[in-house]
Amino acid sequence: IIKKLRPAGGGKVAIIEGDRESTQSIERAKGASDTFRSEPGIHLIESISAGFNRQEAARVSRQILDRHPDLAAVFCANDHMALGVVQRVQEPDIDKRLIIVGVDLIEEAKQAVQKGLMAASVSFSVLDVAKEMLKAAVRRIDGNTAVPKDYMVDSRLMDRDALFSSSFS
């Protein structure tokens, strides 16, 4: 998002979060928020929950656009919500070009990126996630209930160019 907005001097961005109690939503929204706030010219104008729900994301994106018609980009904590924003901005009463980025690279989002309806989605290896979950299960069985703070999996931003040049999914 920043890379696309920087040549124009920046712009207004919004974050659509998943469930406010969900660790993955909290961390994804925090990472996006911290990154946006650190970039001159990028103005985070709203961060709002849509509960990982496509229809709710479509609804809240309409509210955000009503309040901020000059919105330039939306980061969504998952692809279902990003697709809800895509759905909303394609409606005749809106018909707005937005930079839309999601997370998970589900098949429908991959197609939306290939068609230019979404700018990108963040992809990660499901195998890496499974390995980390198994490690957590073993720690739990061994009596260690502490949640590690260093849980990380390799992720890639998959835009249209990356999709056509990579097999990572």
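The legends below describe close-up views of a predicted model.

Local features are given at pLDDT of at least 70 and side-chain atom pairs at pLDDT 80 or more, while totals for chains, interfaces and linings use all residues. Residues are numbered from 1 along each chain as its sequence is written, and side-chain values use heavy atoms, without hydrogens and water.

**View 1. Crossing of helices α3 and α4.** The axes of α3 (residues 54-67) and α4 (residues 79-89) cross at roughly 55° and come within 7 Å. Axes are lines fitted to C-alpha atoms, for helices over the stretch in contact, with angles from 0 to 180 degrees between N-to-C directions. Helices are DSSP runs (H or I, at least four residues) and strands likewise (E, at least two), numbered from the N terminus.

**View 2. Residues between α3 and α4.** Arg 54, Ala 57, Ala 58, Arg 59, Ser 61, Arg 62 and Leu 65 of α3 meet residues of α4 including His 80, Met 81, Leu 83 and Val 85. Contact means heavy atoms within 4.5 Å.

**View 3. The largest nonpolar core.** Among its 30 residues, Ile 16, Met 81, Val 85, Leu 98, Ile 100 and Met 118 touch the most other members. A nonpolar core is a set of buried Ala, Val, Leu, Ile, Met, Phe, Trp, Tyr and Cys residues joined through side-chain atoms within 4.5 Å; buried means under 20% relative accessible area (1.4 Å probe, protein chains only). The largest share of this core, 6 residues, comes from α4.

Conventions
Buried means under 20% relative accessible area, exposed over 50%, partly exposed in between (1.4 Å probe, protein chains only).
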